[in-house]
Amino acid sequence: MCGIVGYIGSGNVYEILIKGLHRLEYRGYDSAGIALVSPSGKLNVFKAKGKVENLESFCADKNLEASVGIAHTRWATHGEPSDVNAHPHFSEDGNLALVHNGTIENYKVLKDALMEHGCTFHSETDTEVLVQLIEFIKLKNDCELVDAVMEALKQVVGAYAIAVIEKNNPDTIIAARQSSPLVIGIGEDETFLASDATPFVEYTKDAVYLKDGEIAVIKRGEPLKLFNLDNSESKIDVKTLEMSISQLEKGGYPHFMLKEIFEQPSTLRDCIRGRVVEGGRKINITGVNDNKERFLNAKRIVIVACGTSWHAGLIGKYLIQSMCRIPVEVEYASEFRYSDPVLDKDDIVIAISQSGETADTLAAVKIARSMGAFVFGISNAVGSSIPRETDSGCYIHVGPEIGVASTKAFTGQVMVLTLLSLAVAQLKGTLEHEKIAEIGKHILKIPTLVERVLKLNNRIERLSLIYTYAHNFLYLGRGYSYPVALEGALKLKEISYIHAEGYPAAEMKHGPIALIDAEMPSVIIAPRDHLYEKIVSNVQQVKARGGSIIAIVTEGDSVIRNIADHVLDIPEMPECLTPIISTIPLQLLSYYIAINKGKNVDMPRNLAKSVTVE
């Protein structure tokens with residue numbers, strides 16, 4: 001969950017690395033550091049606790065001359081955030097510097113062995129163990145850096161993306177990955193290295209995504225070389241980046257989160273484009289069409305995901321069961337991998353991850369494939385691990401999401417799950433053509449309807465002032481709206497640090513109703529659907545106990561409007577499509593409450609965007 005940047009070239013090494021760290025700060029912001037090798041062969045390492053701007057201040061009066069460098073922004077795993085525990089870490093003789101994203105599971109065994117040979121450690125991190133091990137092997141065997149890295153990694157158990165530089169070799173970076181992302185940007189007489197492509201998208205569109213177990217040798221003036229741990233050379237596959245620099249800037253918005261909320265009309269258009277055709281009468285999902293027999297013969301579908309993606313998966317369960325008549329289970333990937341799962345060749349596993357690098361979800365994918373299940377990935381990041389590890393899949397095409405709290409990725413995931421469900425129903429004949437056409441026609445309207453919902457922005461901003469200092473929230477919904485309640489509660493927790501719980505509205509009377517009083521507001525998602533009369537009853541139960549109610553209702557609603565304290569209207573849609581619309585006001589509500597409390601909504605405490613460690 002840390003961010004790595006590296007650079008070799010004729011540009012200003014320090015400025016390129018610092019700019020790259022700012023782009024990757026959504027991956028971690030506990031501390032930051034930079035290692036520079038000057039043309040004369042001097043290794044300088046500068047580190048600072050806190051955000052990248054703290055590192056910039058610390059470096060203001062330092063000698064920053066360099067021909068090669070690596071940098072890191074950290075989300076702490078081993079060792080508290082501090083200057084000492086910040087990366088890069090360097091070897092005892094001061095010859096090597098290393099940055100690392102991941103977790104070395106056997107670091108204690110390695111550390112004890114190195115201490116027996118006289119190594120001294122200065123930090124609490126597993127990363128320092130790795131750089132000391134590389135140095136130990138290099139000195140013992142009198143070998144090249146790449147050989148020492150290769151031998152050290154054979155002894156490592158865990159996940160890693162690393163970059164290593166050497167004081168006496170200012171023209172080389174050695175990089176490697178295992179279950180943690182790393183991508184190389186190939187420019188004109190310059191080479192970039194990063195955890196994702198955002199740090200170098202303005203310099204080059206040519207990218208090479210390292211595979212598990214690969215080691216990259218990046219040398220000034222020489223072609224890139226890739227090796228496996230057995231020292232066999234790997235084929236280089238250059239991809240063309242699709243993102244633009246404008247997607248990585250705030251574009252006049254005060255925060256990335258607000259920008260990304262308001263991008264949803266356009267990101268949903270991109271998600272739909274080419275997939276809903278013939279005016280909505282046909283749904284075209286290539287990953288489904290190319291694997292017809294798998295979907296036609298599926299006895300069960302298991303969805304694995306984490307966090308917001310898990311909430312999207314719950315909506316997917318309703319969609320697939322209703323439209324396709326296939327039983328669906330939704331599992332937390334972090335639990336699935338340790339639950340001794342039972343899968344067979346007639347099962348389909350759908351893995352959902354915005355980044356495509358979520359460690360638990362990636363592990364679940366590997367387990368599912370090893371058991372013979374067909375694995376279908378839903379991701380946002382082209383070239384990431386999950387699309388490469390799955391049998392087939394579908395991108396959500398919402399562009400880079402920088403805000404840590406997911407917004408546009410959630411609606412993109414729900415849209416793809418909706419389209420997948422319709423495509424499978426189309427194949428199986430479990431929905432009439434007229435019904436598919438009706439839903440397809442409404443899907444084409446969704447971007448415009450989201451634009452309409454976003455016009456609630458000013459009302460929600462004013463409404464947020466009333467609830468900014470509440471200590472607890474309850475979010476309630478039924479059917480398709482239950483996962484929306486969970487997602488709304490998660491958004492509030494993530495960025496405002498207010499305790500919030502999402503529940504199926506019918507479960508309220510089985511415990512949570514005891515919490516309701518004038519001090520605990522309830523957010524109730526209550527569109528006009530087949531469960532509307534039931535949710536009206538739940539609203540009345542909350543009101544009877546003195547609870548304050550914010551209700552998300554369908555335009556024209558008159559019943560709940562007369563009970564709730566505040567209502568936010570959304571356009572009428574087919575029931576299966578309401579989650580995409582009803583989640584928008586909840587995103588805005590959480591955003592404004594957090595802003596009122598003075599919180600950093602783009603970088604909430606203790607969280608990072610891409611969870612690449614267990």
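Tutor: Two strands count as paired if DSSP finds at least two bridges between them. Keep in mind throughout that this is a predicted model.

Student: OK, then how many bridges join β19 to β20, and do they run parallel or antiparallel?

Tutor: Six bridges link β19 to strand β20, residues 374–379, and the two strands run parallel. Within that pairing, isoleucine 348 is placed opposite phenylalanine 374 of β20. Together with helix α12, residues 359–370, β19 and β20 build a right-handed β-α-β unit.

Student: And which residue stands opposite isoleucine 350 of β19?

Tutor: That is isoleucine 303. The strand concerned is β17, residues 300–305, which is joined to β19 by five bridges and is parallel to it.

Student: How many residues of β19 are buried, then?

Tutor: Seven of the seven residues in β19, which spans 347–353, are buried. The cover is found on both faces, with Asp347, Val349, Ala351 and Ser353 buried on one side, and Ile348, Ile350 and Ile352 buried on the other.

Student: Let me stay with isoleucine 350: what is it in contact with, sequence neighbours aside?

Tutor: Once neighbours within four places in sequence are set aside, isoleucine 350 is in contact with Ile301, Val302, Ile303, Val304, Ile320, Phe376, Ile378 and Leu420.

Student: Which residues have the most contacts inside the largest nonpolar core?

Tutor: Those are Ile350, Phe473 and Tyr475, in a core of 93 residues. Helix α14, residues 408–428, is the element that gives the most to this core, with twelve residues. There is also a second, separate core of 35 residues, and Val52, Ala194, Phe256 and Met603 are among its members.

Student: Changing topic to α16: which of its residues are buried?

Tutor: In helix α16, which covers 457–467, the buried residues are Asn457, Ile460, Leu463, Ser464 and Tyr467. They lie on the same side of α16, because the arc that they cover around the axis is only 120 degrees. On the other side of the helix, Arg462, Leu465 and Ile466 are exposed.

Student: Why would residues three or four places apart point the same way?

Tutor: An α-helix has 3.6 residues a turn, so residues spaced three or four places apart point the same way.

Student: And what covers the buried residues of α16?

Tutor: The cover includes helices α6 (256–262), α15 (433–454) and α19 (578–596), together with strands β22 (472–477), β25 (549–554) and β26 (566–570).

Student: Now the antiparallel part: what is the order of the six-strand open sheet?

Tutor: That sheet is ordered β5-β6-β7-β8-β12-β13, with antiparallel pairing. Its edge strands are β5, residues 89–90, and β13, residues 225–228, each of which pairs on one side only. Strands β6 (96–104) and β7 (158–166) pair over nine bridges, and in β7 the bridge partner of valine 99 is alanine 163. Helix α5, residues 145–154, packs on the sheet and touches β6, β7, β8, β12 and β13, while its direction makes about 160 degrees with that of β7.

Notes: Residues are numbered from 1 along each chain as its sequence is written. This is a predicted model: local features need pLDDT of at least 70, side-chain atom pairs count only at pLDDT 80 or more; totals for chains, interfaces and linings use all residues. Side-chain values use heavy atoms; hydrogens and water are left out. Buried means under 20% relative accessible area, exposed over 50%, partly exposed in between (1.4 Å probe, protein chains only). Helices (H or I, at least four residues) and strands (E, at least two) are DSSP runs, numbered from the N terminus. The arc is that of the directions from the helix axis to the C-beta atoms. Contact means heavy atoms within 4.5 Å. A crossover is right-handed if, with the strands pointing away from the viewer, the path from the first strand over the helix to the second runs clockwise. A nonpolar core is a set of buried Ala, Val, Leu, Ile, Met, Phe, Trp, Tyr and Cys residues joined through side-chain atoms within 4.5 Å. Axes are lines fitted to C-alpha atoms, for helices over the stretch in contact, and angles run from 0 to 180 degrees between N-to-C directions.
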